[in-house]
Amino acid sequence: MMNDMRYFVILKAAFRALRRNKLRTVLTMLGIIIGVGAVIAMVGIGNGAKAQVQSRIAALGQNVIMVFSGSVNRGGVYSGFGGAGTLTVDDALAMEKEVPGVSAVSPEVRSGAQIMAGNNNWSTSIMGEGVGYLTIRQWDIEDGMMFTDADVRAAAKVCVLGKTTADKLFPEDDPVGKTIRIKNVPMKVLGVLKAKGASMFGSDQDDTVIVPYTTGMKRFAGVTTLRSINVQAATAEQMAEVQNGIAELLRQRHRIQPGRDDDFMMRNQQEIAETMSATTEVMTALLAAIASVSLLVGGIGIMNIMLVSVTERTREIGIRMAVGARGRDILLQFLIEAVALSSTGGLLGILSGVGGAKLITMIKQWPTLVSPNSIIIAFAFSAAVGVFFGFYPARKASQLDPIDALRYE
Amino acid sequence: MNAVIRLHEIHKTYHTGEVDVHAVRGVTLDIAQGEFVALMGASGSGKSTMMNIIGCLDRPTQGKYSLDGIDVSQLDRDELADIRNQKIGFVFQGFNLLARTSALENVELPMLYTRRRLSGKSQRERALKALDTVGLADRADHKPNQLSGGQQQRVAIARALSNEPSLLLADEPTGNLDTRTSIDIMGVFQKLNDLGMTIVMVTHELDIAQYTKRMVVMRDGKVVGDTPVSNRFNAANELCRLQEEQKAALLNDE
């Protein structure tokens, strides 16, 4: 019935009709341009935020479970997590030995201090960790080396510097082999870590000094218990098993009666990842929903202008019908015109959306990620808007009576 | 005789509000191949309704209408559109060309809606041939607003011819034209009729009807007169006479 040539002719006629009233066409298109542009830019922002969160979560390390000491209640006053001091070095060692699926364990204590090196000084956090810590966090040494098990056993006066701390204390020379003073204790710098950047909570992860946990407990924190224990499961599938194993072990070691609460708590990185991803996904969906409203408004604009166009061109419709156009031919003509309008707007909208996302990244330093998928979907959606909102006017045109249409002034 | 149009007891009633309007009350009429008929009558005589029915733009409420041997009185909207496309060429009083569209593309328009389509090239050839028939082959690229009224009506006639219809249906084709151009256009119709085209023309001007071969007069929805044209005008002669009259008038002025 119909061949390609005919579609081409109709398409040509559609673009001619659109060119006839340039200002009107551009204004109508603007609705779609803004709509599609907004959707693309907003989804780009959402995806950018999501990608950033994901990369930060990955930076936490893989398959990591953090075991915290529980809260303690003294006369109705609760300390925060880690305050109870229920986790011991022996707990950590037992985990490594007895819980199946555990690939690495690092006991952790924290304190803060003013650190001095020559004429420079810097206040930072001191993390007492096990040898396995860098493996668990997937953190690499940039220069020098990590301390050893022997250093841990001997509570040796050695440390590894985070990138920020290293830069502050040794702005010019190489810190490896130098000595720094923490609370007046001279500590030998064994290595410098690679930069890891900000954590997902915004703190600078490189602003730190890592010392053996034995050294940290004895010399700096002055404690005999641990703040937390970092545990790594061998595979993601073993996470739950390892978590259950740890709980069982600790309840047994801490002699907690069945039915009583744990005196420790666990967090794993998947939970954090899920929460954060869910947050950014909600944000993306919200942004896209708001942007879609403008696409809807654009669609209504198209319907409005197509209705005007059908009325204006009643006589043309009459002529076409008189020379043998079927209702379907007229329907198709106006539908193609509406789709040409909306998809041209869609194309321009994609350009402005991609440009807008780039601009936002430039001005506000927000990461944006415009995926090819969102471009394809946005374009298909704009064409669909044309079909949806163009259908009613086109149908109205196709149902005109040729005699009335020809007589229309 | 080979009838192109065969109307039998055609009735058309409009239901507007509470009153039924009987626009056509029993018209029976045969028009043969090669005829040139003027359909005449005052306004309200039912000639426009008759014209719409003959042109397959409207269906009779009662009666039978065969066009070129096909019973069209019971066809649906789409089938009527196809019949209009294949069998009928329309020429209107107001030319009804598509604005901002070249003469050639206007002439090609009916071919756009033909079910069995021609190639783009043969479409073009046909359209150019039709334009040549009305003497406008050299204006194919002109837009309607670049053409005079007479030229526009010629383009409209070419459009009506482009699908090689069995019937040319003209509705007051000279209504918007001056005397000279009117004679000119009637000349085109006479030429087409000489080539064998069947033409039905609605008009209320007697001197225009004089160019046809047969006059059908309607009143109150019925045919009240059906006579051959006795002293038929010839467009070429009339043009000469008009020119001489104008010359004489000029001489008289001097």
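# Briefing: a predicted model with chains A and B

The domain assignment of chain A gives domain 1 (4-56 + 275-407) and domain 2 (87-262), the bounds coming from an automatic or database domain assignment. This is a predicted model, in which local features need pLDDT of at least 70 and side-chain atom pairs count only at pLDDT 80 or more, while totals for chains, interfaces and linings use all residues. Residues are numbered from 1 along each chain as its sequence is written, and chains are lettered from A and ligands numbered from 1 in the order in which they are written.

**Chain A as a whole**

- The centres of domain 1 and domain 2 of chain A, taken over C-alpha atoms, are separated by 56 Å.
- Chain A has 13 helices and 12 strands; helices (H or I, at least four residues) and strands (E, at least two) are DSSP runs, numbered from the N terminus.
- Chain A is more spread out than a compact globule, because its radius of gyration is 33 Å, well over the 22 Å that the globule rule gives for 409 residues. The radius is taken over C-alpha atoms, and the rule is 2.2 Å times the number of residues to the power 0.38.
- Along the principal axes, the C-alpha atoms of chain A fill a box of roughly 105 × 60 × 45 Å.
- Of the 409 residues in chain A, 42% are buried. A residue is buried if 20 or more other C-beta atoms lie within 10 Å of its own, exposed if 12 or fewer, and partly exposed in between, with C-beta atoms placed from the backbone.
- Among the contacts in chain A with a separation of 6 or more, 81% are between residues 24 or more positions apart; two residues are in contact if their C-beta atoms, placed from the backbone, lie within 7 Å.

**Strand E7 of chain A**

- Strand E7 (residues 158-161) of chain A is covered on both faces, with A:Val158 and A:Val160 buried on one side and A:Cys159 and A:Leu161 buried on the other.
- In a regular strand the side chains alternate between the two faces of the sheet.
- E7(A) pairs with strand E9 (residues 185-193) of chain A in the parallel sense over 4 bridges, and A:Leu161 stands opposite A:Val192 there. Two strands pair if DSSP finds at least two bridges between them.
- E7(A) also pairs with strand E10 (residues 208-212) of chain A, in the antiparallel sense over 2 bridges, where A:Leu161 stands opposite A:Val209.

**Where the chains touch**

- The contact takes 18 residues from chain A and 20 residues from chain B.
- On the side of chain A that touches chain B, helix H1 (4-20), helix H10 (314-322), helix H11 (327-364) and helix H13 (402-407) of chain A each supply at least two residues.
- By class, that side of chain A has 10 nonpolar, 3 polar and 5 charged residues. Here Ala, Val, Leu, Ile, Met, Phe, Trp, Tyr, Cys and Pro count as nonpolar, Asp, Glu, Lys and Arg as charged, and the others, Gly among them, as polar.
- H10(A) is mostly covered, with 7 of its 9 residues buried; among them are A:Ile317, A:Ile319 and A:Met321.
- The cover over the buried residues of H10(A) includes H11, helix H12 (372-398) and H13 of chain A, together with helix H2 (77-87) and E6 of chain B.

**Sheets of chain B**

- An open sheet of 6 strands in chain B has the order E6-E7-E8-E3-E9-E10, with mixed pairing. Its edge strands are E6 (88-91) and E10 (222-228) of chain B, each of which pairs on one side only.
- Strand E3 (residues 36-40) and strand E9 (residues 214-219) of chain B pair in the parallel sense over 4 bridges, and the bridge partner of B:Met40 in E9(B) is B:Val217.
- Another open sheet in chain B has 4 strands in the order E2-E1-E4-E5, with antiparallel pairing. Strand E2 (19-32) and strand E5 (70-71) of chain B stand at the edges with a single partner strand each, so one side of each is left without a neighbour in the sheet.
- Strand E4 (residues 62-67) of chain B and E5(B) pair in the antiparallel sense over 2 bridges, and B:Leu67 has B:Ile70 as its bridge partner in E5(B).

**Backbone with positive phi**

- Most residues other than glycine have a negative phi, and most peptide bonds are trans.
- A:Lys183, although not a glycine, has a positive phi of about 45°; A:Lys183 lies in the loop between strand E8 (179-182) and E9 of chain A and is partly exposed, with 14 other C-beta atoms within 10 Å.
- B:Asn96, also not a glycine, has a positive phi of about 55°. B:Asn96 is found in the loop between E6 and helix H3 (103-112) of chain B and counts as buried, with 21 C-beta neighbours inside 10 Å.
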